[in-house]
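Welcome! Could you take a moment to look at the chain before we talk it through?

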Amino acid sequence: MHLLVTGGNGFIGRRVCARAVREGHEVTGVSRSGRPEAGSWTEDVRWIAADVFDPGAWRDALSGVDCVVHSIGIIAERPQAGVTFERVNGDSAVLVALEAERAGVERFVYISSSTKPPLVREAYIEARRRAETAITDLEMDVVVPRFGPVYGPDQPHFPEIANQLFAVVGALGPLARVMGEDRPFAVGAASQAVYELAVADEVPSNPVTATELSALT
Ligand SMILES: NC(=O)c1ccc[n+]([C@@H]2O[C@H](COP(=O)([O-])OP(=O)(O)OC[C@H]3O[C@@H](n4cnc5c(N)ncnc54)[C@H](OP(=O)(O)O)[C@@H]3O)[C@@H](O)[C@H]2O)c1
């Protein structure tokens, strides 16, 4: 298979790329800064340094792609730079999904969120839900895993104390399950679940929530 991962150099995206490479798939990663310094496996990925909002810079790479994984989102806005929840968490997914559909891609996996992180605008989750609805009836398999917090050694979003707290909760299965759909996931498990959703013959119906995601890890 050929997978294209937007945000392919990010916290989750790079692990999806690494796993796909290990399994022998052809992999393309799209992000503004291109190839990450993340090990020798990165040599086996075609990295395209492009802004997704400039589709002319990357749409040719969709030729022959079987599955697009969209792994772009923010937790902190910079409105002066146009970096808002509406645009990055919502519009980017719709734009990439439309490009994928037009290119004849068979499956689109949109990494979404189960809930809004504390202290951020409702727009964070409203943009997610709007994008999920907008892409649901496109002419390809659309798969929407919704994750709660994803923790790991190099996670870039929340303070280290929160990262460690999520790790403790995530390691205690029963405690994590009490949190239902919003339970924390280790980044290794989250990226494995996303990879499985990208390549599986059969996928669960949307949204794909924590219980189903756990079963894929
Ligand atoms: N981590 C979590 O706790 C968590 C929980 C639930 C859902 N999610 C969702 O999972 C997805 C991946 O999250 P993550 O934690 O892996 O985030 P991340 O590490 O910040 O990765 C985001 C990626 O998007 C790229 N990107 C951002 N803006 C872009 C643009 N305009 N054009 C092209 N690439 C762009 C970044 O690379 P460049 O800067 O090089 O462009 C980076 O590779 C996001 O949608 C996130 O909201 C994450």
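Predicted model: local features only at pLDDT ≥ 70, side-chain atom pairs only at ≥ 80, totals over all residues.

Reader: How many helices and strands does the chain have?

Author: Helices (H or I, at least four residues) and strands (E, at least two) are DSSP runs, numbered from the N terminus. On that basis, the chain has seven helices and 10 strands.

Reader: How does the radius of gyration relate to the globule rule?

Author: The radius of gyration is taken over C-alpha atoms, and the globule rule is 2.2 Å times the number of residues to the power 0.38. For 217 residues the rule gives 17 Å, and the chain is close to that, so it is as compact as a globular protein of that length. The radius of gyration of the chain is 16 Å.

Reader: Is strand β1 mostly covered or mostly uncovered?

Author: A residue is buried if 20 or more other C-beta atoms lie within 10 Å of its own, exposed if 12 or fewer, and partly exposed in between, with C-beta atoms placed from the backbone. Strand β1 spans residues 2–6, and four of its five residues are buried. So by the burial cut-off, β1 is mostly covered.

Reader: Which strands pair with β1 in the parallel sense?

Author: Two strands pair if DSSP finds at least two bridges between them. β1 has five bridges to strand β2, residues 26–31, including one that links Thr6 to Val30. There are four bridges to strand β4, residues 67–70, where Val5 has Val69 as its partner. The parallel partners asked about are β2 and β4.

Reader: What is the handedness of the unit made by β1, α1 and β2?

Author: A crossover is right-handed if, with the strands pointing away from the viewer, the path from the first strand over the helix to the second runs clockwise. Helix α1 covers residues 13–22 and forms a β-α-β unit with β1 and β2. The unit is right-handed.

Reader: Why is Val96 called buried?

Author: Val96 is found in helix α2, residues 85–102. Val96 is buried because the number of other C-beta atoms within 10 Å is 29.

Reader: Is Leu119 buried or exposed?

Author: Leu119 has its place in the loop between β6 (112–113) and α3 (123–135). Its phi is positive, about 70 degrees, although Leu119 is not a glycine. Most residues other than glycine have a negative phi. With 6 other C-beta atoms within 10 Å, Leu119 is exposed.

Reader: Which residues does the cis peptide bond join?

Author: Most peptide bonds are trans. Here omega is about -10 degrees in a cis bond, and Pro207 is found in the loop between α6 (187–199) and α7 (210–215). The bond joins Asn206 and Pro207.

Reader: Which residues come nearest to the ligand?

Author: A residue counts as near a molecule if its C-beta atom, placed from the backbone, lies within 6 Å of it. There are 24 residues around the ligand. Those that come nearest are Gly7, Gly10, Arg32, Ser33 and Gly73.

Notes: Residues numbered from 1 in each chain as written.
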